[in-house]
Amino acid sequence: QPEKAKEQLQQALQAEPANAEAHFLLGQLYADQASHEVPEAEERLRQAQLVDPHNPKIDTLQWKLDSAEGKYAKMDSSFERSLALNQKFAPQIREFRQHYWATEYNQGVRLATRVKPQEADIKVKKTEEGAHISVQSVPDPDFPGALPYFRRATIIDPNRLESWRNIAFVYYQLDSLDATV
């Protein structure tokens with residue numbers, strides 16, 4: 001069905017190239033497809049925005065695309081444009097921002113407190129009774145690896161002080177005192 005819908009929308013755009021709704025719907029169809037369709041979805045949204053720059057649905061779909069692609073700075077400007085046009089998407093934007101912030105922040109915390117699990121050194125040792133048990137050594141923190149996650153968290157939500165504090169902590173641990181301040 002998506003292929004037939006795409007075909008119909010493309011026909012509608014041939015008949016009326018300035019049809020913002022057809023550009024938007026085509027962009028939405030491309031966005032729902034595999035990731036290789038993202039550039040086409042973004043182009044359709046750009047075309048829709050040129051025709052109808054005050055349509056918050058366009059920015060809403062754009063920030064969903066940006067977040068899925070990890071383009072957090074671009075996602076933030078799409079958030080702001082969408083909110084400037086219409087506040088009805090504010091709860092959805094707060095939820096998205098919280099989700100993506102938590103994802104980046106928590107990964108940074110995981111790395112700052114230990115390295116990736118596949119790098120852990122698992123050893124087998126015998127108990128006093130002679131049974132074999134697995135003992136996983138506690139790996140060293142991966143501070144350089146944690147830094148980009150905390151930075152992305154500050155882009156997603158610059159008002160969350162935890163991210164800034166952890167950036168300072170990581171720099172302190174890396175003996176980069178000038179960057180800590």
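Author: Gladly; please keep in mind that this is a predicted model.

Reader: In which helix does Leu-61 lie, and is Leu-61 buried or exposed?

Author: Leu-61 belongs to helix α4, which covers residues 56-68. A residue counts as buried when its relative accessible area is under 20%. The relative accessibility of Leu-61 is 10%, and therefore this residue is buried.

Reader: Which residues does Leu-61 contact, leaving aside its neighbours within four places in sequence, and how far apart in space are Leu-61 and Ala-31, C-alpha to C-alpha?

Author: Once the neighbours within four places in sequence are set aside, Leu-61 is in contact with Phe-24, Gly-27, Gln-28, Ala-31 and Leu-45. Ala-31, one of these partners, is 30 residues away from Leu-61 in sequence, while the distance in space from C-alpha to C-alpha is 8.4 Å.

Reader: How are helices α6 and α7 oriented towards each other, roughly parallel or roughly antiparallel?

Author: Two packed helices are described by the angle between their axes and by the distance between those axes. For helix α6 (residues 90-113) and helix α7 (residues 143-156), the axes come within 8 Å and cross at roughly 160°. Angles over 145 degrees count as roughly antiparallel, so α6 and α7 are roughly antiparallel.

Reader: How many nonpolar, polar and charged residues does the contact of α6 with α7 have?

Author: The α6 side of this contact includes Arg-97, Tyr-100, Trp-101 and Glu-104, and the α7 side includes Phe-143, Tyr-149, Phe-150 and Arg-152. Sorted by class, the residues in the contact of α6 with α7 are 12 nonpolar, three polar and three charged.

Reader: Is Glu-104 buried or exposed, and with which side chain does the side chain of Glu-104 make a polar contact?

Author: Glu-104 lies in helix α6, and its relative accessible area is 7%, so Glu-104 is buried. Beyond its neighbours within four places in sequence, Glu-104 is in contact with Tyr-149, Arg-152, Ala-153 and Ile-156, and also with Tyr-72. The polar contact, at 3.1 Å, joins the side chain of Glu-104 to the side chain of Tyr-72.

Reader: At roughly what angle do the axes of α7 and α8 cross, and what is the handedness of the crossing, left-handed or right-handed?

Author: Helix α8 covers residues 161-173, and its axis comes within 9 Å of the axis of α7, with a crossing angle of roughly 155°. That angle makes α7 roughly antiparallel to α8. Among the residues that meet here are Phe-143, Ala-146 and Leu-147 in α7 and Trp-164, Ile-167 and Phe-169 in α8. The crossing of α7 past α8 is left-handed.

Reader: What is the phi of Asp-175, and where is Asp-175 found?

Author: Most residues other than glycine have a negative phi. Asp-175 is not a glycine, yet its phi is positive, at about 60°. Asp-175 is also exposed, with a relative accessible area of 68%. Its place is the loop between α8 and α9.

Reader: How many helices and strands does the protein have, and what percentage of its residues count as buried?

Author: The secondary structure comes to nine helices and two strands, and along the sequence these follow the pattern α-α-α-α-α-α-β-β-α-α-α. Among contacts between residues at least 6 apart in sequence, 54% join residues at least 24 apart. Of the 181 residues, the share that counts as buried is 36%.

Key:
Residues are numbered from 1 along each chain as its sequence is written. This is a predicted model: local features need pLDDT of at least 70, side-chain atom pairs count only at pLDDT 80 or more; totals for chains, interfaces and linings use all residues. Side-chain values use heavy atoms; hydrogens and water are left out. Helices (H or I, at least four residues) and strands (E, at least two) are DSSP runs, numbered from the N terminus. Buried means under 20% relative accessible area, exposed over 50%, partly exposed in between (1.4 Å probe, protein chains only). Contact means heavy atoms within 4.5 Å. Axes are lines fitted to C-alpha atoms, for helices over the stretch in contact, and angles run from 0 to 180 degrees between N-to-C directions. Angles under 35 degrees count as roughly parallel, over 145 as roughly antiparallel, 65 to 115 as roughly perpendicular and the rest as oblique. Ala, Val, Leu, Ile, Met, Phe, Trp, Tyr, Cys and Pro count as nonpolar, Asp, Glu, Lys and Arg as charged, and the others, Gly among them, as polar. A polar contact is a pair of N or O atoms within 3.5 Å; within protein, one must be able to donate a hydrogen and the other to accept it, and residues adjacent in sequence count only if both atoms are side-chain atoms. A crossing is left-handed if the near helix is turned anticlockwise from the far one by less than a right angle, and right-handed if clockwise.
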